[in-house]
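Subject: Structure handover

Hi,

Here is the structure I promised to pass on. Please open it alongside this email.

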Amino acid sequence: MAEIFTPEIVNLLVRGGLLIFVLLTTFAYLTYTERRVLSFFQWRLGPNRVGPLGLLQPLADGVKTALKQEMVPRKADKVLYFLAPTLTLSASFTTFALIPVGERVQMSSVPVAILFFLGLSSMAAYGLILAGWSSQSKYPFLGSLRTCAQVISYELALGLCLLVPILITGSLNINDFGNMYRAENWNWIYLIVLLPTTVLFLISSLAETGRTPFDLPECEAEIVAGYHTEYSSMKYAMFPMGEYIAMVAMSAMVVHMLLGGYHLDLGFVDLTYWAGDWKLGPPESWGWGAYGDALSLTAHGFATTMTFIVKLCALIFTFMWIRATFPRLRYDQLMRFGWKWLLPATLVLIFVTAALVGYFGPVHGTGADTAAQAAMEVTLNARH
Amino acid sequence: MTDMVANSVWLAGLLFAIGTLGVMIHRHPVIIFMCIELMLNAANLSLVAFNRQHFSHAWRTMDGQIYAFLIIVIAAAEVAVGLAIIVALFKHRTRVDIDEINFLRR
Amino acid sequence: MDGQLLAWWMLAIVGSLSAVMMVLSRNPVHSVLYLVANFLTLVGIYFLLSAPMMAVVQFVVYAGAIMILFLFVVMFFMSPEARRWLRPEIKSQWVFGTLLTVMLLTVVYIALSTAGRVADPDIVMGTPTIATSDRTADPRQELGHPAGLGTRMFSYHALPFEIAGLLLLAALLGAVLVARDERSEGRTHLVHEFEKAEEGVAEEVRA
């Protein structure tokens, strides 16, 4: 047994468990924050009864949801009915394994993380579609029909938006997006395309996660609650959970695309480097040996993570702000906007980016990558 | 049976055979279409496995993976057209049997 | 047996079982999902065969996009009436199908088990050739790295790539042309279907 729990495995398990715990708590407090923020926008108080400032409200909600009676429609396709919320939630959780939240604070560093991110967002869509279909009921069916068409349409724009930073950095690694501004050959002219791309990405991620101006799949005025009408108790709670976590993941992506990731580098001074490189972890005297090394985090990693979280909160607030501001679209407006406006706009941006990258050259994150590029060019020339 | 690459080629053969079985016994175009996708994937799997097998210092290309990539592109195009045809069929008749879709001949 | 091989076996078993279930399943929606499961195991196998780029392409294009289209068609365009015609009812189809599959499996077995003997001794099956001496310091030159794949694709395979792009364009136009609904000219078929469905619901609510 001792061989199974090597320091690397323990490290992964601890990080995974911590990630899930943090995400679940984030979800709980996002519901609270969203309700409070929305009520302040609407000139009312919101939940403020349970605990000081209503801070225990998520706990009360959780207990209430868990104690609700579980209802399963008689004609439902049982297996898929249980599978659908699980699929949505696990896809959202897995997305976070790819996203770096700090310098070397990341579950797994896949070289093709961006594409994986896109794939996982469509996996979450499977959950929503199946939820509506497996309920075998009219309104969920309509909701699932809407989800399917909406997700297929907006996924294109989402992927094309991600292509712009990929073109600029020449990398499929999310870390390189955040490091873009720190590169030696960074050119401010790229902001011409990065700014509009981020706005378009934000819009299509709203549609992809089914949030307010685009929450047609669960439009309560028309189709009751859309795909999750027939769900109750904890299985119902898993849908908003997946939606909120997907929203956080999309915001994290925006932080990496535009806001410089987990760095706080103002050019003349890097504010996260004050933390230094000393280790945060179990001291030597605890006798944890290699486990202690695997579980430790540097102070720099901690500082970058905090920076990232602050930037993330700003973006999540933007999402809530949008929800409080814009009314819901009509279905034909949604489709027309997605296909006739968003998609051509992203295509134009890609052309402009390609032209800029062709003229100014791609931005390579670190010196090591540039050396690798040079080495590859040498071998290519030797071959031809 | 301890080598992943050789096993993958065997798996590809097995998946291809299962796909063939599906094409043989089913009568509905959508299911047959899905079985054809499975067969294409089996071919892809063997291409990727062969690429892994023959990748060496002397022969440092990834042509197998590129062929597999091109197959995926062509499969995507095929799915778009094929499903469009099937949807057009559904609109005209409820009973869609592969044996009866021969009205172009009549 | 190391961890990678164990993972391979698990993926392979799940993949073959889901493929068999896809063929045998009576419910078309279940069939589609079994196929998705099979494609996801292939994603894992591609990762194990050090082809991460192929793995994500499989994940995004096949599992993510193509299968959603299948699911869409099966769920929303197949009426319960149409679903009744799914069952392979002719006995002879089963007999001949199984016979042919067994024959095919035999051919595959003979081909693969003699492959090592016929071919060049250097490429005998069963010996992975990536030795540690083959690794370079440059990660971009490793097997399956997107940069190397892209370089090769846009230099040596540029013509097939362009032709594939052209094919996609043709398929796009063809699909739009075939699936277009003549009754509602200038509007997408989808919007039309939505309106029909929602009108139906509205009438029921009124009644």
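Below is what I found, chain by chain and then residue by residue.

Keep in mind that this is a predicted model.

**Chain B**

Chain B is helical: it has 3 helices and 0 strands. The order from the N terminus is α-α-α. Of its 106 residues, 54% are buried. Take the contacts in chain B between residues at least 6 apart in sequence: 52% of them link residues at least 24 apart.

**Where chain C meets chain B**

Here 77 residues of chain C contact 66 residues of chain B. Several helices of chain C each give at least two residues to the side that touches chain B, among them helix 1 (3–24), helix 2 (28–48), helix 3 (52–77) and helix 5 (91–118). Helix 7 (158–179) of chain C is also on that list. By type, this side of chain C has 56 nonpolar, 18 polar and 3 charged residues.

**The core**

The largest nonpolar core has 177 residues. Ile114(A), Phe116(A), Met34(B), Tyr46(C) and Met67(C) have the most contacts inside it. Helix 3 of chain C gives the largest share, 19 residues. Look at Met67(C) in particular. Leaving out residues up to four places away in sequence, Met67(C) touches Val32(C), Leu35(C), Val36(C), Phe39(C) and Tyr62(C).

**A helix pair in chain A**

Two packed helices are described by the angle between their axes and the distance between the axes. In chain A, helix 4 (residues 113–134) and helix 5 (residues 138–169) pack at about 175 degrees, with axes 8 Å apart. Angles over 145 degrees count as roughly antiparallel, so helix 4 and helix 5 of chain A are roughly antiparallel to each other. On the helix 4 side, the residues that meet helix 5 include Ile114(A), Leu118(A), Ala125(A) and Trp133(A). Their partners in helix 5 include Phe141(A), Val151(A), Leu158(A) and Ile166(A). The residues of this contact divide into 14 nonpolar, 7 polar and 1 charged.

**One loop residue**

Val101(A) sits in the loop between helix 3 (78–98) and helix 4 of chain A. Is Val101(A) buried or exposed? Val101(A) counts as buried, because it has 22 C-beta neighbours inside 10 Å. The cut-off for buried is 20 or more. Not counting residues up to four places away in sequence, Val101(A) touches Gln106(A), Tyr262(A), Thr305(A) and Phe308(A). Gly292(A) is 191 residues from Val101(A) along the chain, and their C-alpha atoms are 21 Å apart.

Best wishes

How values were computed
Residues are numbered from 1 along each chain as its sequence is written. Chains are lettered from A and ligands numbered from 1 in the order in which they are written. This is a predicted model: local features need pLDDT of at least 70, side-chain atom pairs count only at pLDDT 80 or more; totals for chains, interfaces and linings use all residues. Two residues are in contact if their C-beta atoms, placed from the backbone, lie within 7 Å. Helices (H or I, at least four residues) and strands (E, at least two) are DSSP runs, numbered from the N terminus. Ala, Val, Leu, Ile, Met, Phe, Trp, Tyr, Cys and Pro count as nonpolar, Asp, Glu, Lys and Arg as charged, and the others, Gly among them, as polar. A residue is buried if 20 or more other C-beta atoms lie within 10 Å of its own, exposed if 12 or fewer, and partly exposed in between; C-beta atoms are placed from the backbone. A nonpolar core is a set of buried Ala, Val, Leu, Ile, Met, Phe, Trp, Tyr and Cys residues joined through C-beta atoms within 7 Å. Axes are lines fitted to C-alpha atoms, for helices over the stretch in contact, and angles run from 0 to 180 degrees between N-to-C directions. Angles under 35 degrees count as roughly parallel, over 145 as roughly antiparallel, 65 to 115 as roughly perpendicular and the rest as oblique.
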